[in-house]
Amino acid sequence: MKRPLSLLFGLAALIVAAPAPADAFCGFFVSKADTKIFNKASKVVIARDGDRTVMTMSNDFKGEPKEFAVVVPVPTFLQKSQIHVGEQALIDHLDAFTAPRLVEYFDENPCDRRRYMEMSARAGGPMPASAAPLQDAAKRLGVTIEATYTVGEYDILILSAKESGGLATWLTQNGYKMPQGAAPVLASYLAQNMRFFVAKVNLGEQAKLGFNYLRPLQIAYESPKFMLPIRLGTLNAEGTQELFVFALTNKGRVETTNYRTVRLPSDVEIPTYVKADFGKFYTSMFSAQVKKQNMSTVFLEYAWDMAWCDPCAADPLSNDQLRKLGVFWLDGDPSTPMPAGGGVMRPRPMPRPMPGGGANNVFVTRMHVRYDGAHFPEDLVFQETGDRANFQGRYILRQAWTGNETCSEADNYRRELSVRREKEAQTLASLTGWDIADIRRRQGLAPRAAVDNRAWWERIW
Amino acid sequence: MSAVPHPPPSRLGDPRYYQIAVLTGLLTYGTWALEFDIKPWQIPLTLAVALVTQWACTKIWQLPAFDPRSALISALSLCLLLRVDTLWVALAAAIAAVASKFIVQVNRKHIFNPTNGAIVLMMLATPAAWLSPGQWGSVAFFAFLMACLGGLVAYRALRSDVALAFIVVYAGLMFGRSYYLGEPMAIPMRRLESGGLLLFTFFMISDPRTTPDHPIARVLYGALVACVAWYIQFRLFRTNGVIWSLALCSPLVPVLDRVLPGRRFSWTDAAVLPLVPILGRLRRTPSPAVALERIHVS
């Protein structure tokens, strides 16, 4: 029986936008992407303080659980108590909390007092995880099975080897389908004294536990290495890989030290029709930015103190939820209550502190990287910085005032509106690479914009 | 050779002008093209504080004239490298960089490269100071450009030996490690193309005022900084290995100067070297080789 080997960060995956918040207020919903917006995505949550790391790994394995296997190079040996099975819902929650958001403002009646409303929507989503093989005469091949554990629904092996050829052979013999070129990559990890964390699904345990999806695996270890191995993933010849890294730290923002970390364009006004398909806008914009940066950078999507949000795309995580995601440095009562009401959207761009004392010493960084072996030859290496400046991917819709009243302000407003519309169209075109003529047409302003673009003297004759 | 009379120093010949121009160019490029994570107030504040500190120290130590060049170089380097979360850190770094030249001295030679010393001090003092080694990306073209520009400055400051010794040993260790690990050579290549590393090599470790006086000592020193940096980066797995290494090795310079004494560097000496060997100038200034020899005579 051959088991396809699913190398971590090399799996095809997808992110489904989280469902619409059910309790949005007053009927002012922003429609948003509730379809898969990124294919082949893996998500990793890394909680780190000092040299202590808790890594939660989630990927979107879609096949039969018995065919799942994951092989992750880890810097140290792991005892059974260092391995845990986490909750997918928490990763989804963190994803929703940090997701790029669409906010909406409503122009006031220029003849009247200003009022505005804001809503937010987001793109982001969940996924399942999975498992692999067994062993026997490993010693002949120079492979040492340092430990075998069953944790939750997973059978886990901690492997080391004297040489990579033996390890590759052993993995192949035990049903793992090795991608071409894996042996030298395995060798370089072995030469660094790294171990291999190999997990597969124990179907019996899974049936007993009653989960019909693969829960994320968590590992805790102490090592100066603040890195994410991606090289094995790049061997899967499936084109580019999509990876989201959620870093939870004590001091401030996390960035890569061996690749440039770039903020995605944010706080821009875009045409209101994007409301109908925010997911499509975001994926197009991301692809355009990847192309612009020559697929050589890591993108920052969110960096924020976990104690508050503005606007909130989802409830802030409670201390207990953060602890379950590996935040081990929180003091006090682990079961700090969730904010009352559980509301998701805010009608105003208003800072929202965590009721009941949020985690004010947790800073979250959401990084998004699209990579392949050619552009990302080495593993991602991170550092925590002292930067506590907030950043979020935020895209703004400004709904026009459509009243019929007349006053001089209203006349001015209508004139400025068409200029604004044109600017929004140009912004959208430059961010996504979409055809500007098509954007203008969809804005319903195409003919007028074209006429308005003529020079004044062209309009004389 | 030391009998060769010094020609009058040419103001334009002072390599610090070129260094200031190159650093300004890099800062402009980094801020606009690479979107450095630099606060808008950091550049004017750092420059102003560094200059004021230099002026104050000139008064306190009763120097004959106020010379802004070195302070400007330190300030520009701080802007290129140091990232801060609060205003006072940038301010303190600029003061520390300039004041350290006057305060931390052995035999009237300052110990730490002002920028390096200030960065390390700030990183030790507060989490609100950090470096972003990834900020340069690794664009080969840019790397070459920096190397050339940096090489120019280093050459004119007559300390290219220490820069070359450092980069050769450091590259050797990186390629050696990758070879040992069986990694593709693309990995050490892109590490070598890092703008941060090249900036360090050609603008920081080659600082003529803080490197050993004797050429052999300088080569040894460059190699030592490379080994320690590699150890910090690839054995201890800490970032900014080169910066920590230079700060750790700097106190050894007075020892090396004692064991292997050489002629003390002076910017006036460097200023006699032509940037481009123009015939007219060559007639009245010694050739680079002559000047090198003269300067290195103990």
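How many residues does the contact take from chain B, and how many from chain A? In this predicted model, the contact takes 25 residues from chain B and 26 residues from chain A.

**The side of chain B that touches chain A**

- The 25 residues that chain B brings to the contact include at least two from each of strand 4 (129-131), helix 7 (160-181) and helix 8 (186-192) of chain B.
- Helix 8 of chain B gives the most to this side, with three residues.
- Sorted by class, the side of chain B that touches chain A holds twelve nonpolar, six polar and seven charged residues.

**The two chains**

- Chain A has 461 residues, of which 49% count as buried, and its secondary structure consists of nine helices and 27 strands.
- Among the contacts in chain A with a separation of 6 or more, 82% are accounted for by residues 24 or more positions apart.
- Chain B has 298 residues, of which 46% count as buried, and in its secondary structure there are 15 helices and four strands.
- For chain B, residues 24 or more positions apart account for 77% of the contacts with a separation of 6 or more.

**Helices 3 and 4 of chain B**

- Helix 3 (residues 69-81) of chain B and helix 4 (residues 87-103) of chain B have axes that come within 10 Å and cross at roughly 140°, and the two helices are therefore oblique to each other.
- The crossing of helix 3 of chain B and helix 4 of chain B is right-handed.
- From helix 3 of chain B, Ala71(B), Ser74(B), Ala75(B) and Leu78(B) take part in the contact, and they meet Ala93(B), Ala94(B), Ala97(B) and Val98(B) of helix 4 of chain B.
- By class, the residues of this contact divide into seven nonpolar, one polar and no charged.
- As background to the spacing of such positions, an α-helix has 3.6 residues a turn, so residues three or four places apart point the same way.

**Helix 9 of chain B**

- In helix 9 (residues 195-204) of chain B, ten of the ten residues are buried, so this helix is largely enclosed by the rest of the structure.
- The buried residues of helix 9 of chain B include Leu197(B), Leu198(B) and Leu199(B), together with Phe200(B), Phe202(B) and Phe203(B).
- Gly195(B), Gly196(B), Thr201(B) and Met204(B) are also buried in helix 9 of chain B.

**Gln289(A)**

- Gln289(A) lies in helix 5 (residues 278-292) of chain A, and it counts as buried because it has 20 C-beta neighbours inside 10 Å.
- With neighbours within four places in sequence left aside, Gln289(A) is in contact with Leu264(A) and Phe299(A).
- Gln289(A) and Gly433(A) are 144 residues apart along the chain, and their C-alpha atoms are separated by 9.4 Å.

**Confidence in chain B**

- The mean pLDDT of chain B is 81, and 79% of the residues of chain B reach 70 or more.
- Where pLDDT is low, the predicted coordinates should not be read in detail.

How values were computed
Residues numbered from 1 in each chain as written. Chains lettered and ligands numbered in written order. Predicted model: local features only at pLDDT ≥ 70, side-chain atom pairs only at ≥ 80, totals over all residues. Axes fitted to C-alpha atoms, helices over the stretch in contact; angles between N-to-C directions. Parallel < 35°, antiparallel > 145°, perpendicular 65-115°, else oblique. Left-handed = near helix turned anticlockwise from the far one by under 90°. Contact = placed C-beta atoms within 7 Å. Nonpolar A, V, L, I, M, F, W, Y, C, P; charged D, E, K, R; others polar. Buried ≥ 20, exposed ≤ 12 C-beta atoms within 10 Å, placed from the backbone. pLDDT = per-residue confidence, 0-100.
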